[in-house]
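Open the model in your viewer and get ready to select residues. We will go stop by stop.

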Number of protein chains: 2
Amino acid sequence: MSKLYLDDISAGDTFKSGDFEVTAQSIKEFAALWDPQVFHLDEVAAEDSFFNGLAASGWQTACITMRLLVTSGFTPVNGVIGAGIEELKWFRPVRPGDVLRAEMEVLEVRPMRSKPGYGICRMRVTTVDAAGEKVQVFTSPLVVQSKG
Amino acid sequence: MSKLYLDDISAGDTFKSGDFEVTAQSIKEFAALWDPQVFHLDEVAAEDSFFNGLAASGWQTACITMRLLVTSGFTPVNGVIGAGIEELKWFRPVRPGDVLRAEMEVLEVRPMRSKPGYGICRMRVTTVDAAGEKVQVFTSPLVVQSKG
């Protein structure tokens, strides 16, 4: 895939990722490392928890989304480099068997005064399930190299 | 540690986590799963990248912070359950050898109209290095059970 410079990207551009299937094993392995709480670690104990069953860490949904973003057709020349995250929201728990994909929309493209040769591409990243329902959304200002 | 209900938590309360040492192996293992980009995967190739050397995925810094948060003295009775993330910022790349810890401050405690018996504890979570310098900050509205 051809690499994108800031000059190649415009507000309104959209990109779609492939799919990621969430498994119980993946939920438990992620949780053991990064979010060791009972509702992410053990199916039986999770039944009596806030989530009423095994649920992925919200951070895993974010990480799955990053993986989908990085492996999609959106290929900035210097990589997918976020300066931060604005307003990340989770709409429902992610469960074993969920198949997720990411939909990206460029909201704004502007030069960066603090870093000549680079600009900001503000992107809304929506993670949806197989039915197309939103499970997560965030906006991120990405740092993208200019041609100049 | 005793479990905390919403009633036990007040704006201004602070909590501190233990330490987490970031290794090159951990950076590469995380990246292979969730953020497979060259500057997170390979020391040599990373030298010529945006980061001028191996750097952790920002999402890994977020995940390390969640691990520190969950294993700290802040122990809500229903678990550490974020409804979302407000304004996550990264201040510098995290490198092999960095030792991180999390500092939490409760900004606001309020009942939740949409979910009786629960409330929102808005918490600012600052991740610092061994010198106490900020590497990441985010605010998260946590869902915490009330006594009532």
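**Stop 1: a helix in chain B.** Select H4(B). With 12 of its 13 residues buried, H4(B) is largely enclosed by the rest of the structure. Keep in mind that this is a predicted model.

Which residues of H4(B) are buried? Click along the helix. You will pass B:Gly58, B:Trp59, B:Gln60, B:Thr61, B:Ala62, B:Cys63, B:Ile64, B:Thr65 and B:Met66. Then come B:Leu68, B:Leu69 and B:Val70, which are buried too.

Now check the length. Helix H4 of chain B covers residues 58-70. At 1.5 Å a residue, its 13 residues should span 18 Å. Its end C-alpha atoms are 19 Å apart, which agrees.

**Stop 2: a strand in chain B.** Select strand E2 of chain B, residues 84-90, and find B:Ile85 there. Is B:Ile85 buried or exposed? Its relative accessible area is 4%, so B:Ile85 counts as buried; the cut-off for buried is under 20%.

What does B:Ile85 touch, leaving aside its neighbours within four places in sequence? In chain A, its contacts are A:Trp59, A:Glu87, A:Leu88 and A:Trp90. In chain B, they are B:Phe138, B:Thr139 and B:Ser140. B:Ile85 and B:Phe138 are 53 residues apart in sequence. In space, their C-alpha atoms are 6.8 Å apart.

**Stop 3: the whole of chain A.** How many helices and strands does chain A have? There are four helices and five strands. Trace the chain along its sequence, and the pattern reads β-α-α-α-α-β-β-β-β.

The C-alpha atoms of chain A fill a box of roughly 55 × 30 × 25 Å along the principal axes. Chain A has 148 residues, and 52% of them count as buried. Now consider its contacts between residues at least 6 apart in sequence. Of these, 69% join residues at least 24 apart.

**Stop 4: two helices in chain A.** Two packed helices are described by the angle between their axes and the distance between the axes. Select H1(A), residues 24-34, and H4(A), residues 58-70. Their axes come within 10 Å and cross at roughly 110°. That makes H1(A) roughly perpendicular to H4(A).

Finally, show the side chains where they meet. From H1(A), pick A:Ser26, A:Ile27 and A:Phe30. They meet A:Trp59, A:Gln60 and A:Cys63 in H4(A). Four residues of this contact are nonpolar, two are polar and none is charged.

Terms used
Residues are numbered from 1 along each chain as its sequence is written. Chains are lettered from A and ligands numbered from 1 in the order in which they are written. This is a predicted model: local features need pLDDT of at least 70, side-chain atom pairs count only at pLDDT 80 or more; totals for chains, interfaces and linings use all residues. Side-chain values use heavy atoms; hydrogens and water are left out. The expected span of a helix is 1.5 Å times one less than its number of residues. Buried means under 20% relative accessible area, exposed over 50%, partly exposed in between (1.4 Å probe, protein chains only). Axes are lines fitted to C-alpha atoms, for helices over the stretch in contact, and angles run from 0 to 180 degrees between N-to-C directions. Angles under 35 degrees count as roughly parallel, over 145 as roughly antiparallel, 65 to 115 as roughly perpendicular and the rest as oblique. Contact means heavy atoms within 4.5 Å. Ala, Val, Leu, Ile, Met, Phe, Trp, Tyr, Cys and Pro count as nonpolar, Asp, Glu, Lys and Arg as charged, and the others, Gly among them, as polar.
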